[in-house]
Amino acid sequence: MRCALGRPLPFWTELRTALRENDGALHHRLLDLRQSAGLPQTVSALRVADVTVWMAHPAPGHRCP
């Protein structure tokens, strides 16, 4: 995930903040995506974010810095 997002230094702190902002809007959106995909509740919002970013990452052949 860090490669796709440009490797910001405070990555985990910024992710935690983003998941909590706006009364947890991003967290709830990720849970909605999980439900739409028919995934079990054992799949965390963080895992949904990880796969979503991975799927949107550049095509094969891309080399992360």
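I started at R47, which is partly exposed at a relative accessible area of 46%. My cut-offs here: buried is under 20% relative accessible area, exposed is over 50%, and partly exposed is in between (1.4 Å probe, protein chains only).

Ground rules before going on. This is a predicted model, where local features need pLDDT of at least 70 and side-chain atom pairs count only at pLDDT 80 or more, while totals for chains, interfaces and linings use all residues. Residues are numbered from 1 along each chain as its sequence is written, and side-chain values use heavy atoms, with hydrogens and water left out.

Next I asked what R47 pairs with: its side chain meets that of D50 in a salt bridge, 2.5 Å from N to O. The term means a side-chain nitrogen of Lys or Arg within 4 Å of a carboxyl oxygen of Asp or Glu. I found one salt bridge in the structure. D50 is partly exposed too, at 25% relative accessibility.

Where do R47 and D50 lie? Both are in helix α2 (residues 45-56), three residues apart, about one turn of the helix. Helices here are DSSP runs of H or I, at least four residues, numbered from the N terminus.

Then I checked backbone angles. Most residues other than glycine have a negative phi. N22 is not a glycine, yet I got a positive phi of about 50°. D23 also turned up with a positive phi, near 55°.

I looked up their places: N22 is in helix α1 (residues 11-36), and D23 is in helix α1. Buried or exposed? N22 is exposed at 64% relative accessible area, and D23 is exposed at 75%.

Definitions and conventions: Helix = DSSP H or I, 4+ residues; strand = E, 2+ residues; numbered from the N terminus.
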